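User: I would like to go through the side-chain contacts of this model. Could you start with the aromatic residues?

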Amino acid sequence: MTAPRHPDLHRAHRRRLLDALQPGDAVLLFASPHHIRSNDTEYRYRPDSDLWYLTGWEQPECAVLLRKDAAQPFLMFVQPRNPERETWEGRRPGPEGAVARFGADAAWPYDELATRLPDLLMGYRDLHYAVARDADHDQLVIGAIRAARRKARRNGLDVPDAFIDPARVLHELRLFKSEAELELMRRAADITCQAHRLAMAMTAPGVAEYELEAALDGAFRRMGGNGPGYSTIVGGGANATILHYVENRDPLRDGDLVCVDAGCEYDFYTADITRTWPVNGRFSPAQRQLYQLVLDAQLAAIDRVRPGVSHKEIHDTTVAILTRGMVRLGLLAYDRAAEEEAVGKLEIELPDPLPDDATEDQLVDRLIETERYKRYYMHGTGHWLGIDVHDVGAYVALGDSRRTQPGMVQTIEPGLYVAPDDEQAPERFRGIGIRIEDDVLCTEAGPVVLTAGVPKAIEEIEALVGSELRAR
Ligand code: MG
Ligand code: MG
C-alpha cells in the first residue's frame, strides 16, 4: 500500500495524541520486524498496531517520531525507494511518499535514524517509547540520548531523561473508538457475521473442522477483509473444551456440538465472534440445558455494558448466573474435599463447612468464594477489542477495576467446558464445550451489539444449521 486508505483517520489519531501529550513529550515508535515462518520464508507482514493507528504505514523498517509543540511534529524514517528491491518485495512509498501521501512533515531513509535522532530529541524531556521490547531499538535510542547529552553540555537544551510506556497515553486513546473507527469495526463485524452464518448453514455430520475454517477464512477474504484477526478455532465435540484449539483437523460427529471462534480483520480492525451449534442441527437435552445457561449469562452481561459499570462487575454477573445454573443442573454441588482442594490453590483461609441446611444462595456464594466454578468456567468474561483482538488499554486504574465508558468496545464471551474425562461431572455433560461471544459497544444509551447479525437463540440456530444441505 503506497497510500493510506484512511488518511483522515490517522490524521485525527495524531491530533488526539499530540493534544494528550504534555509539553516536552515526544513519542517514538518502530515498525514490527518481519517474522520467519520457517527457514527462509516469512509470515505475511502485519504492521505494528500503534504505528498503523497513527500513520496507516504498512511497510517494515520504519520509525515514527511525534513531538509535542514542534514546528514539524510528525517525522518518519522509512525504506527508501529502490526499484530492484521493490521488484522482489513490493512497492515502497519512500520518504517522498511519506510526506506527499502519509502527511509526514518531513521524512528520511530509515538508515539515517541513528544520526538524526539525537538532534531531533533535543528539547524534549519525556520519551514515550516501549523500552526493553527490542534490543536493537533500545541500543539505537540509548545511543541517540547519549549523543544528545554530549551536545546538550554545549547548547543547554533538554534531553529525554525518562521513558514512558506507550500504554500510558497512546493505549488509552486506542481504548476509545471514534465514529470512523467504529465504521471499520462494524464492517469487520458484519463480514464475520455473514461468515459464521455460512459456516452454520454448511454444517453436517462428516464435514471436517477444517472445512468450516476454510469457509470462514475464505469469506473474510472474499468480502475484502485482511483475513482472520487471530487463528480461527473450530472445535467439534470435546475439542471445544480446549480453549485455544486451532488444529481444526477432525471430522464433525453426529450428536456433538461444534464451537467456532473466528473474527475477520478489516483494515486492521478485528471482530471476535464465538458461536456453538449442534452438528446435526438439533441440541440434545443436556446440550440445550448448558447452552441456554451460557446464553442467559451472556445476555445478562451484555445488558451491563453501560457507562460506569466496571469490568469486574460484568465478570461477576456471568459468574453468578453460571454458578447458580450449574448448581441447579447438578454440575456443581457441595463437596468438602473438592472445596479443600480448590482453596489450597487460593490465598484464602479454608472457611468452616457449610451447614447441612444451607440455602441455595449460601451454596452459590460459597462456590464463588472458593472459586470452584472455575472448574468449568476458567476464563474472563471479555476483553477490549480493536486493532488487536485483545486490544490495549488498562483493565485496572489505580487499583480499581476499569469502568466501562462510551466509545469502548469489549467482547462478552462466557462459556462452560466439561472435560470428557471429568468424573465429578454428570455423565451427560462430559465432553461439552460451549462459548457464546459478541462484540459490544458501550454508548450513553446502553449496549450496542455489533455482532447481532449471527443467531444465538436455540430455535434460530436450529433453523440455520445444515440449511444449505437441506436446500439441495
Ligand atoms: Mg473469540
Ligand atoms: Mg474474545
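Analyst: Tyr129 is buried, at 4% relative accessibility (buried means under 20% relative accessible area, exposed over 50%, partly exposed in between, with a 1.4 Å probe and protein chains only). This is a predicted model, where local features need pLDDT of at least 70, side-chain atom pairs count only at pLDDT 80 or more, and totals for chains, interfaces and linings use all residues. Residues are numbered from 1 along each chain as its sequence is written, and side-chain values use heavy atoms, leaving out hydrogens and water.

User: How many aromatic pairs are there by the ring rule?

Analyst: There are eight aromatic pairs, counting rings of Phe, Tyr and Trp (its six-membered ring) with centres within 6.5 Å; planes under 30 degrees apart are stacked, over 60 edge-to-face and the rest tilted. Phe30 and Tyr129 are edge-to-face, because their centres are 6.1 Å apart and their planes at 70°. Phe30 lies in strand β1 and Tyr129 in the loop between β7 and α6, 99 residues apart.

User: Is Phe30 buried or exposed?

Analyst: Phe30 is buried, with 7% relative accessible area. Ring pairs join Phe30, Tyr129 and Phe163 in a cluster.

User: Switching to charges: how many salt bridges are found?

Analyst: The whole structure has 35 salt bridges (a side-chain nitrogen of Lys or Arg within 4 Å of a carboxyl oxygen of Asp or Glu). One of them joins Asp438 and Lys456, with the closest N and O atoms 2.7 Å apart.

User: Where do Asp438 and Lys456 sit?

Analyst: Asp438 is in strand β20 and Lys456 in the loop between β21 and α14, 18 residues apart. Asp438 is buried at 1%, and Lys456 is buried at 15%.

Technical notes. Chains lettered and ligands numbered in written order. Helix = DSSP H or I, 4+ residues; strand = E, 2+ residues; numbered from the N terminus.
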